[in-house]
Amino acid sequence: MSKTSALQAIVHGKCPRCRSGNMFVEPNFRLKNFDKMPVKCEVCGLRFEPEPMFYNGAMYVSYAISVALTIIVGFSIYFIFDNPDMWVYMAAIITVVLLLSTTMFRYSRILYLHAFGGIKYDASFGVSSKDK
């Protein structure tokens, strides 16, 4: 079995310890349950909420993602459309942020758990019984 990198685990929303279990129950496009996380990883049993209110800090990550997205969209519009009216900037930025809000929510939690959860990768969880 090939080793999954930390970047691949973050991009695919996998557990930071085993890099195999999903951090979210439903796909991102199912708006009803886009925010539902299992209590524990189905592969290694890691609790996804290490302490109560752990993900409150993820709002800072989400804010940083929103600021970066706003800057990228703003500069793109400036250079593509040669500095249009202010309403074009506002409409484009609001539209992009709304369309990507569920994705920003998920990635802020994923990044926060991977960066600040204090969880180390354990390769023994990623090895299947036939690879041993």
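Is Ser-108 buried or exposed, and what is its relative accessible area? Ser-108 is buried, with a relative accessible area of 3%, where buried denotes under 20% relative accessible area, exposed over 50% and partly exposed the range in between, as computed with a 1.4 Å probe on protein chains only. The model is a predicted one, in which local features need pLDDT of at least 70 and side-chain atom pairs count only at pLDDT 80 or more, while totals for chains, interfaces and linings use all residues. Residues are numbered from 1 along each chain as its sequence is written, and side-chain values use heavy atoms, with hydrogens and water left out.

Ser-108 is found in helix 4, helices being DSSP runs of H or I with at least four residues and strands runs of E with at least two, numbered from the N terminus. With residues up to four places away in sequence not counted, Ser-108 touches Ala-58, Val-61, Ser-62 and Ile-65, a contact being defined by heavy atoms within 4.5 Å. Helix 4, which spans residues 101-116, also holds Thr-103, and this residue counts as partly exposed at 24% relative accessibility. The C-alpha atom of Thr-103 is separated by 6.8 Å from that of Asn-28, although the two residues are 75 residues apart along the chain.

For Met-23, once neighbours within four places in sequence are left aside, the contacts include Cys-15, Phe-48, Tyr-55 and Leu-113, together with Gly-13, Lys-14, Pro-16, Met-37, Pro-38, Arg-109, Ile-110 and His-114.

The structure holds zero disulfides, a disulfide being a pair of cysteine sulfur atoms within 2.5 Å. Cys-41 is in no disulfide, and the nearest cysteine sulfur, that of Cys-18, is 3.6 Å away; Cys-41 is itself buried, with a relative accessible area of 5%.

Among charged residues, a search of the whole structure finds one salt bridge, defined as a side-chain nitrogen of Lys or Arg within 4 Å of a carboxyl oxygen of Asp or Glu. The side chains of Arg-30 and Glu-26 meet in a salt bridge with an N to O distance of 2.7 Å. Arg-30 counts as partly exposed at 44% relative accessibility, and Glu-26 likewise counts as partly exposed, at 22%.

Arg-19, placed in the loop between helix 1 (6-11) and helix 2 (58-81), is buried yet has no salt bridge, the nearest side chain of opposite charge, that of Asp-122, being 10 Å away; in this assignment Lys and Arg count as positive and Asp and Glu as negative, whereas His and the chain ends are not counted. A polar atom of the Arg-19 side chain does, however, lie 2.8 Å from the backbone oxygen of Thr-4. With residues up to four places away in sequence not counted, Arg-19 touches Lys-3, Thr-4, Ser-5, Ala-6, Ala-9, Lys-14 and Tyr-121.

Glu-42 is also placed in the loop between helix 1 and helix 2, and at 53% relative accessibility this residue counts as exposed. The C-alpha atoms of Glu-42 and Gly-21, 21 residues apart along the chain, are separated by 5.8 Å.

Positive phi angles were found at non-glycine positions. Met-53, which lies in the loop between helix 1 and helix 2, has a positive phi of about 65° although it is not a glycine, and is exposed with a relative accessible area of 57%. Asp-82, found in the loop between helix 2 and helix 3 (86-99), has a positive phi of about 55° without being a glycine, and is exposed with a relative accessible area of 67%.

Notes
Polar contact = N/O pair within 3.5 Å; in protein donor to acceptor, adjacent residues only side chain to side chain.
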